[in-house]
Amino acid sequence: MNALLYSPSKQNWLLKYKLHHIPFWALYHFTWWTVAMGNPVKAFTAIFLSAFISKFLFYVIFQALAVYFNLYYLIPKYLEKGKFTQYLVLLLLTIVGASLLIIPGYYLSAFLSGQTMQQAYGPNGDCFYGYLGTSLPSTLAAMTLAMSIKLGKNWLQTQRKQQLLEKEKLETELNFLKHQFNPHFLFNTINSIFFLIHKNPDMASASLAKFSELLRYQLYECNDKQIILSKEISYMENSIELERLRQNDNVEVILEIDQENSSPWGIAPFILMTFVENAFKHVSKHADKPNWITIHLEQEGEQLNFAVSNSTSDVGGNDIVHYGGIGLKNVQRRLDLIYPGQYSLDIQHHNDSFDVRLQLRLTALELPLPMKKIA
């Protein structure tokens, strides 16, 4: 069986040559006749049941030709290329030429009806009157209407294309930032487990159990743009527990969570954990002073307040300030993309501490209804 291949050259010739627009222009001129006569029945009778249909056709045909000559030749060739003087001159010539070509329709209508111009159009029924009084303003109005429609359509198409491009750009950038973060976190976690294998095998075994839960979360539960806040908190708690095993008693970790469970609030995945990971990465390593990390999360309705602080040494503090961390740069960019105007982030570096405060407006998620069991 031979396959039929579609070719643009074989498309409907009515669409190719814009002939399907002719009914629009016929309706456009019929509307003007209706306004002039005050009655659509009278307008229909005068146009289609008399010799004046020839004048009507002259308007439809020559104004349509002038319109499409302007839209598909003059505008692309001159206006879009910045040749404004040439375009205006040729546009005026087109309007005048189309108006002049309409005038023979008056004579043809009078001839076919067996009347003189004065009998058909009154005592002022001459070429000069028909040109200035009717055809020129009508042609100018048709050209203006067509250009308004065309330019408006082009503007809408451009806006739609820009929105699609912006959406694709944001989605691509978000995916890039997300995938850039995951290997960064996995690298640190694997290093932690490697450290524990040599130091304490029992702790390493517990760490691997926690690590498997983290991997399950990353691979299966955080692929959506928004996840349930409680899952993000559970992920954060598992990560903190893993870090506690690695740190032993060298670092005091204080975790305070005040969360509402009345409704499923959503948050973008890995937003909170980035700040926690950064605190563990840059916490001080003092031998004679306390090393500490405090994490406080409070939710009041759609408002989330999240604060992370850690002790720092001079070397560690300078490293944070100058390097900034891949994680912190990524999470701030993600916040700009996902929560524009809906968050505030304050990062402060003091002599002996590094403080992060995030205020975020959460999104209420609609969970799917549980399926009913069939008896």
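**Helix packing and some residues**

Tutor: Helix 2 (residues 22–37) packs against helix 3 (residues 40–48) with the axes 8 Å apart and an angle of about 120 degrees. Axes here are lines fitted to C-alpha atoms, for helices over the stretch in contact, with angles from 0 to 180 degrees between N-to-C directions. Helices (H or I, at least four residues) and strands (E, at least two) are DSSP runs, numbered from the N terminus.

Student: What should I know about where this comes from?
Tutor: This is a predicted model, where local features need pLDDT of at least 70 and side-chain atom pairs count only at pLDDT 80 or more, while totals for chains, interfaces and linings use all residues. Residues are numbered from 1 along each chain as its sequence is written, and side-chain values use heavy atoms, with hydrogens and water left out.

Student: Back to that pair, then. Are helix 2 and helix 3 parallel, antiparallel, perpendicular or oblique to each other?
Tutor: Helix 2 and helix 3 are oblique to each other. Angles under 35 degrees count as roughly parallel, over 145 as roughly antiparallel, 65 to 115 as roughly perpendicular and the rest as oblique.

Student: And is the crossing of helix 2 and helix 3 left-handed or right-handed?
Tutor: The crossing of helix 2 and helix 3 is right-handed. A crossing is left-handed if the near helix is turned anticlockwise from the far one by less than a right angle, and right-handed if clockwise.

Student: Which residues make the contact?
Tutor: From helix 2 there are Phe30, Trp33, Thr34 and Met37, and from helix 3 there are Pro40, Lys42, Ala43, Phe44, Ala46, Ile47 and Phe48. Contact means heavy atoms within 4.5 Å. By class, the contact of helix 2 with helix 3 has 9 nonpolar, 1 polar and 1 charged residues. Ala, Val, Leu, Ile, Met, Phe, Trp, Tyr, Cys and Pro count as nonpolar, Asp, Glu, Lys and Arg as charged, and the others, Gly among them, as polar.

Student: How do helix 2 and helix 4 pack?
Tutor: Their axes are 10 Å apart, at an angle of about 125 degrees. That angle makes helix 2 oblique to helix 4. Helix 2 passes helix 4 in a right-handed crossing.

Student: Who meets whom between helix 2 and helix 4?
Tutor: On the helix 2 side, the residues include Trp25, His29 and Trp33, and on the helix 4 side they include Phe56, Tyr59 and Gln63. The contact of helix 2 with helix 4 has 12 nonpolar, 2 polar and 1 charged residues.

Student: What about helix 4 and helix 5?
Tutor: Helix 4 (residues 53–79) and helix 5 (residues 84–112) have axes that come within 8 Å and cross at roughly 170 degrees. Helix 4 and helix 5 are therefore roughly antiparallel to each other. Their contact divides into 20 nonpolar, 7 polar and 1 charged residues.

Student: Let me pick on single residues. Is isoleucine 61 buried, exposed or partly exposed?
Tutor: Isoleucine 61 sits in helix 4 and counts as partly exposed, because its relative accessibility is 45%. Buried means under 20% relative accessible area, exposed over 50%, partly exposed in between (1.4 Å probe, protein chains only). Tyrosine 73 is also placed in helix 4, and at 37% relative accessibility tyrosine 73 counts as partly exposed.

Student: New topic: where is serine 311?
Tutor: Serine 311 is in strand 5. At 2% relative accessibility, serine 311 counts as buried.

Student: Which side chain is joined to that of serine 311 by a polar contact?
Tutor: The side chain of serine 284, at 2.6 Å. A polar contact is a pair of N or O atoms within 3.5 Å; within protein, one must be able to donate a hydrogen and the other to accept it, and residues adjacent in sequence count only if both atoms are side-chain atoms. Not counting residues up to four places away in sequence, serine 311 touches several residues, including His282, Trp292 and Ser353.

Student: And threonine 312, where does that lie?
Tutor: Threonine 312 lies in the loop between strand 5 (303–311) and helix 11 (314–323). Threonine 312 counts as buried, at 3% relative accessibility. Its side chain reaches the backbone nitrogen of serine 353 at 3.3 Å.

Student: Last one: how many helices and strands are in the chain?
Tutor: There are 12 helices and 8 strands. Of the 375 residues of the chain, 37% count as buried.
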